[in-house]
Amino acid sequence: MKAKDFDQKFEAGEDLTPYLDFSQAKRLGSDRQSISVELPVWLLERINQEATRLGTTAQDVIQMSLAEHLAASES
C-alpha cells in the first residue's frame, strides 16, 4: 500500500491494523534489566502489605514508587 493510501485510510478513521505487522513491535523504553536489592525486612513487609491492598505485586509497588519519586524530583 502506498503511503498516500494509508494516510487517506487513517484520516477516514479506518482500522489500519490489517495493514500493520506487529510481530517485531516493541514499546519504547520497555527493555528490562534485573537487579538485586537488599531491603530491611520491615520495609519488604510494608511493600507486600501495600501490594496486597492494591491487588498487585511487590515488584509493581516498588516500580511505581521509584517512578513517582523520580518524577517528583524532576519538578
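This is a short tour of a predicted model, stop by stop, with what to select at each one.

**The whole chain**

The average is 93, and 100% of the residues score at least 70. Among the elements, α1 has the lowest mean pLDDT, at 94, while α2 has the highest, at 98.

Now switch to a cartoon view. The secondary structure consists of three helices and zero strands, and along the sequence the pattern reads α-α-α. The radius of gyration is 21 Å, well over the 11 Å that the globule rule gives for 75 residues, so the protein is more spread out than a compact globule. Turn the model along its principal axes: the C-alpha atoms fill a box of roughly 60 × 30 × 25 Å.

Next, show the surface. The protein exposes about 7,100 Å², and carbon and sulfur atoms supply 53% of that area. Of the 75 residues, 8% count as buried.

**Lys 9 and Glu 14**

Which charged side chains pair up? The structure holds four salt bridges, and three of them are visited here one by one. Select Lys 9 and Glu 14 to begin with. These two residues form a salt bridge, with their closest N and O atoms 3.6 Å apart. Lys 9 is partly exposed, with a relative accessible area of 21%. Glu 14 is also partly exposed, at 40%.

Move on to Pro 18, which sits in the loop between α1 and α2. Is Pro 18 buried or exposed? Its relative accessibility is 62%, so Pro 18 counts as exposed. Pro 18 and Asp 7 are 11 residues apart in sequence and 14 Å apart in space.

**Lys 26 and Asp 31**

Select Lys 26 and Asp 31 and show their side chains. They meet in a salt bridge, with a distance of 3.2 Å from N to O. Both of these residues are exposed.

Go to Val 37, in the loop between α1 (3–11) and α2 (41–54). Val 37 has a relative accessible area of 53% and is exposed, because the cut-off for that class is over 50%.

The last stop is helix α2. Select Arg 46 and Glu 50, which both lie in this helix, four residues apart, or about one turn. How far apart are the closest N and O atoms of Glu 50 and Arg 46? The distance is 3.7 Å, and the two residues form a salt bridge.

Arg 46, at 44%, counts as partly exposed. Salt bridges with shared partners join Arg 46, Glu 50 and Arg 53 into one network.

Notes: Residues are numbered from 1 along each chain as its sequence is written. This is a predicted model: local features need pLDDT of at least 70, side-chain atom pairs count only at pLDDT 80 or more; totals for chains, interfaces and linings use all residues. Side-chain values use heavy atoms; hydrogens and water are left out. Helices (H or I, at least four residues) and strands (E, at least two) are DSSP runs, numbered from the N terminus. Buried means under 20% relative accessible area, exposed over 50%, partly exposed in between (1.4 Å probe, protein chains only). pLDDT is the predictor's confidence in each residue, from 0 to 100. The radius of gyration is taken over C-alpha atoms; the globule rule is 2.2 Å times the number of residues to the power 0.38. Accessible areas come from the Shrake-Rupley method with a 1.4 Å probe; for residues, only the protein chains shown count as cover.
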